[in-house]
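Hi everyone, thanks for making the time. Let's bring the model up on the screen and walk through it together.

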Amino acid sequence: MTDKKWPETWQEVNLGCMVFDAGNARTYLTGNWRAQRPIWDNDKCIKCGICYVFCPEGCINKTSDGYYAADMNYCKGCGICAYECPPKAISMTTEEV
Amino acid sequence: MSKRVGMEVTTACAEAAALCRIDVASVYPITPQSHIAEHLSSIVADGRIDAEYLTVESEHSALSAAMGASATGARTFTATASQGLIFMQEVMPITSSLRLPVVMAIANRAVSGPINIWNDHSDIMHTRDCGWISIFAQNGQEVVDMTIQAFKIAEHRDVLLPININLDGFQLSHMVEPVEMPDQEEVDRFLPEYKPYATLHPDRPITMGALGMPDMFAEAMMAKNSAIVNSKKVILDVWKEWKKLFGRKYEPIESYKTEGAKVLLVTMGSMGETAEIAVDEMREKGVPVGLLKIKLWRPFPFDELKKAIKGASVLAVTDRAVSFGGPGGPLFSEIRSALYDDPARPAVVNYIIGLGGRDVSVKDFIDMGKRALKAESKRPKEAYELFGVRAS
C-alpha cells in the first residue's frame with residue numbers, strides 16, 4: 001500500500017482509485033479554475049466578516065489589520081462573497097489570461 | 001463431512017452465506033428473493049453466526065450499506081431481484097470501481113411492467129455493464145457451491161471485485177431440492193479469513209471514491225476492465241480447487257452431448273436442465289442436437305465458447321430478456337458478435353423464451369432444436385424471435 005505519483009498509465013492507477021495520503025486536497029490548487037477574481041475595497045469594508053462566513057471554499061481569511069482577503073490558490077471566483085457583502089465592498093473582475 | 005439435505009434453494013443460499021462466516025448482511029426483501037433475507041436474518045438473530053444483519057429501508061440503501069461495510073473490511077453479503085436490483089444499479093458500478101468484494105445473490109425476476117414477479121433475466125441484463133462478475137446457477141447445488149466460491153473469487157487479491165450469483169426466481173429459488181451442504185470445517189478449509197486490501201478507519205484515513213478527472217478517467221476504466229477480464233484465471237483456479245475438495249466440476253461453459261451435434265442449444269440458468277431432457281429425447285431419435293450451458297456471464301468466456309462450438313453448424317441461443325429495438329437477446333448478440341471473426345462460424349439464431357415466468361417445456365426445446373436444424377440450409381428472415389408469442 002504505497003502512494004503512487006499521478007498515474008501516467010492505467011497500470012499506475014491505484015487499486016480502486018484509492019487515495020492513501022489523507023488531506024491531499026490542500027496540494028490540489030483549484031484556484032486556477034477561476035475566471036473572475038474578487039477585489040476588496042477596504043475603504044468600504046466594515047469588517048463584518050460576511051464574506052468569510054459565506055465563502056463555500058473556506059479560502060477567505062482575516063488579515064492582521066482586520067480586513068479580509070481570499071487565498072487565490074483556492075478561490076474559484078464564484079462571486080458569492082461579492083454578492084453577499086452588505087456595503088458592496090467586493091467587486092468581481094475578469095481574470096487576465 | 002458434507003450432509004445431504006432437502007432444502008428450499010433460497011434457504012440453502014442463506015445457509016451457504018452463513019457458512020462463509022459473513023460479517024455483515026445488508027438485505028432488503030423482495031419477491032422472489034425474500035426467503036434469503038428472512039432465513040439469513042433468522043440465522044443472525046438465533047446467534048448461529050457472529051454477524052450484523054442490517055435492516056435497511058431500500059435496495060439502494062442495502063447495497064450502499066454493504067459497500068460501506070465492505071470498505072471497513074467486513075465480509076459482506078446482499079441479495080435482491082428485479083426492481084430491487086435496478087434500484088441498486090446506481091451503486092453497483094461504484095462497488096466495482098472501489099474494488100469491494102461484495103457478494104450478491106439475485107433471484108432473477110422480470111422487470112416491470114406490466115408488474116410481474118416471475119422469472120426471467122431482464123433484471124441482471126439491465127445491470128450487465130456494472131463491472132460485476134456474474135455467474136448463473138442451474139440448480140440448488142450450484143447455488144450453494146457458487147455462493148461459497150463467490151467469496152473466494154471476489155476476495156482474491158488479483159480480483160477484488162463484487163460478484164453476483166444468479167438463481168432463477170421461483171423456478172429455482174423456491175424449489176425444494178436435495179443438496180450436499182458442506183460442513184463448517186470444510187468451508188473454513190476452502191475459504192480463508194478475508195484480508196482486505198485497504199480499509200476505512202478513522203485512525204488511518206484514506207479516501208475511497210475520490211474524484212476522477214478527464215485526464216485519468218480512461219485509465220481508471222482500463223484498470224477496472226483489465227481486473228474483470230483477468231478475474232477469469234482466478235475463477236478457473238477456484239473451480240479447480242472446488243473439484244478437488246468437493247468433487248463437483250464447474251466450467252464457464254458446460255457442454256452436454258455436443259459430440260457430433262449439428263445444432264447446439266445455448267441456455268443460461270435453470271432451463272439448462274429442461275433442455276438436457278429435450279436433447280436426450282432428440283438424440284434418441286437421431287436428431288444431432290447438443291447443449292451448451294453458460295455459467296460465466298461476466299467476464300464472458302470467449303475462448304471457451306470458440307472451443308465449445310467446434311463442429312456445430314447452428315447455434316440456437318435462448319435468451320430470457322429482450323433488448324428493445326436492439327439486435328436480439330443479450331446472450332445472442334454477445335455470442336454472434338464473439339464469432340464474427342471466426343471463418344468457420346456457425347449460423348446463430350435466437351429464441352427469446354420464458355419471459356415473466358412463462359413455462360418453457362421439453363417440447364419447446366425440441367421445437368427450437370428442430371427449427372434451428374433447418375437454419376443450417378436456410379437462415380431465418382429475422383435475427384431473433386419471441387418464441388411462442390401469440391399473434392393475431
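Predicted model: local features only at pLDDT ≥ 70, side-chain atom pairs only at ≥ 80, totals over all residues.

Residues are numbered from 1 along each chain as its sequence is written, and chains are lettered from A and ligands numbered from 1 in the order in which they are written.

Let's start with chain A. It has two helices and four strands, and along the sequence they follow the pattern β-α-β-β-α-β. Helices here are DSSP runs of H or I with at least four residues, strands are runs of E with at least two, and both are numbered from the N terminus. How spread out is chain A? Its radius of gyration is 18 Å, well over the 13 Å that the globule rule gives for 97 residues, so chain A is more spread out than a compact globule. That radius is taken over C-alpha atoms, and the rule is 2.2 Å times the number of residues to the power 0.38. Along the principal axes, the C-alpha trace of chain A spans about 55 × 30 × 20 Å. Of its 97 residues, 20% are buried. By buried I mean that 20 or more other C-beta atoms lie within 10 Å of a residue's own; with 12 or fewer it is exposed, in between it is partly exposed, and the C-beta atoms are placed from the backbone.

Now for chain B, with 13 helices and 15 strands. Its radius of gyration is 21 Å, close to the 21 Å that the globule rule gives for 392 residues, so chain B is as compact as a globular protein of that length. Its C-alpha atoms fill a box of roughly 70 × 55 × 45 Å, taken along the principal axes. Buried residues account for 51% of the 392 residues in chain B.

Where the chains meet, the contact takes 12 residues from chain A and 17 residues from chain B. Two residues are in contact if their C-beta atoms, placed from the backbone, lie within 7 Å. On the chain A side there are 10 nonpolar, two polar and no charged residues. For those classes, Ala, Val, Leu, Ile, Met, Phe, Trp, Tyr, Cys and Pro count as nonpolar, Asp, Glu, Lys and Arg as charged, and the others, Gly among them, as polar.

On to helix packing in chain B. Helix 1 of chain B (residues 9-19) packs against helix 7 of chain B (residues 140-155) at an angle of about 20°, with the axes 9 Å apart. The axes are lines fitted to C-alpha atoms, for helices over the stretch in contact, and angles run from 0 to 180 degrees between N-to-C directions. Helix 1 of chain B and helix 7 of chain B are therefore roughly parallel; angles under 35 degrees get that label, over 145 is roughly antiparallel, 65 to 115 roughly perpendicular, and the rest oblique. The residues of this contact divide into nine nonpolar, two polar and no charged.

Helix 7 of chain B also meets helix 9 of chain B (residues 214-246): their axes come within 10 Å and cross at roughly 130°. That makes helix 7 of chain B oblique to helix 9 of chain B. Here the contact residues divide into six nonpolar, two polar and two charged.

Finally, some single residues. Is His35(B) buried or exposed? His35(B) is buried, with 20 other C-beta atoms within 10 Å, and its place is in helix 2 of chain B (residues 34-45). Asn119(B) is buried too, with 31 other C-beta atoms within 10 Å, and is found in the loop between strand 5 (103-108) and helix 6 (122-126) of chain B. Gly113(B) lies in the loop between strand 5 and helix 6 of chain B as well, and the peptide bond from Ser112(B) to Gly113(B) is cis, with omega near 5°.

As background, most residues other than glycine have a negative phi, and most peptide bonds are trans. Lys47(A) has a positive phi of about 55° although it is not a glycine. Lys47(A) is exposed, with 11 other C-beta atoms within 10 Å. Over to you for questions!
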